[in-house]
Each structure stands twice: as structure tokens, then as C-alpha cells.
Amino acid sequence: MTDQLGLFYKERGMAIVETAEAIHSDWIEQADFWIETLAAVGRPFSAEDVRRRVGPPAHPNALGARMNAAAKRGLIVKAGTVKASRPERHANEMRLWVGR
């Protein structure tokens, strides 16, 4: 039951973030384009690679929501982890993705 509730809140949170982002710009469309483009190359990439191309989102969780949406569509799969390169991320681990 707890897992189901947690997944419900995760999905709801991602929907809220995406709605807020869509109101502010065409950032979602650009992010999806670059996720698809990087996936097609066939090499691992991170959310930071997408961010470098589209800039920061209006909501800090929007990029993670787009990466998760691409994974759910089967466009990308997890390919490992890498240390974040932006200083404000404190070198924490982040996912690497690769196109299917």
C-alpha cells in the first residue's frame, strides 16, 4: 500500500511540475527534442547534457519529470550513474541514460 501511495504522489508531483513549466514557456518541447536527439546518438547522457542545451527550467524538478516521461515511453533506459558536474549539485550521483 505504501508503495502505491508513494507512486501516486510521484506521478501527481510530476504532473504539477509539467503543468507549471508549460505555462511559462516551450521548455518542455525543447527538452523532449534534445532527449530524443541525444537518445538517437546511442551514447550515455545525463539530464545535465539536456540542461546545457535548453537551459534551466522554471521549476527545478521539471527536467527530472521529462527524463522519467521519456523512460516511461521506452525512449531511454538507465545506463549507470555519474557525478553531477554543476557545483550546486554537490557532486551527487545522477543517472546516465541511453536510447533504446
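Predicted model: local features only at pLDDT ≥ 70, side-chain atom pairs only at ≥ 80, totals over all residues.

Trainee: Okay, where is D32 placed?

Mentor: D32 sits in helix 2, which covers residues 27-41.

Trainee: Is D32 buried or exposed?

Mentor: D32 has a relative accessible area of 15%, and buried means under 20%, so D32 counts as buried.

Trainee: How far apart are the C-alpha atoms of D32 and A70?

Mentor: They're separated by 7.8 Å, although D32 and A70 are 38 residues apart along the chain.

Trainee: Now the helices. At what angle do the axes of helix 2 and helix 4 cross?

Mentor: Roughly 50°, and the axes come within 10 Å. Helix 4 is residues 62-72. The two helices are therefore oblique to each other, and helix 2 passes helix 4 in a right-handed crossing.

Trainee: Which residues meet there?

Mentor: From helix 2 you've got W27, I28, A31, D32 and I35, and they meet A62, L63, R66, M67 and A70 in helix 4. By class, that contact has eight nonpolar residues, two charged and no polar ones.

Trainee: Switching topic: which residues of the largest nonpolar core touch the most other members?

Mentor: The core has 18 residues, and W27, I35, F45, V50, L63, M67 and I76 are the ones with the most contacts to other members. Helix 2 gives the most to this core, with six residues.

Trainee: And what does I35 touch?

Mentor: Leaving out residues up to four places away in sequence, I35 touches F45, V50, R66, M67, A70, L75 and I76.

How values were computed
Residues numbered from 1 in each chain as written. Heavy atoms only, no water. Helix = DSSP H or I, 4+ residues; strand = E, 2+ residues; numbered from the N terminus. Buried < 20%, exposed > 50% of the residue type's maximum accessible area, 1.4 Å probe, protein only. Axes fitted to C-alpha atoms, helices over the stretch in contact; angles between N-to-C directions. Parallel < 35°, antiparallel > 145°, perpendicular 65-115°, else oblique. Left-handed = near helix turned anticlockwise from the far one by under 90°. Contact = heavy atoms within 4.5 Å. Nonpolar A, V, L, I, M, F, W, Y, C, P; charged D, E, K, R; others polar. Core = buried A, V, L, I, M, F, W, Y, C linked by side-chain atoms within 4.5 Å.
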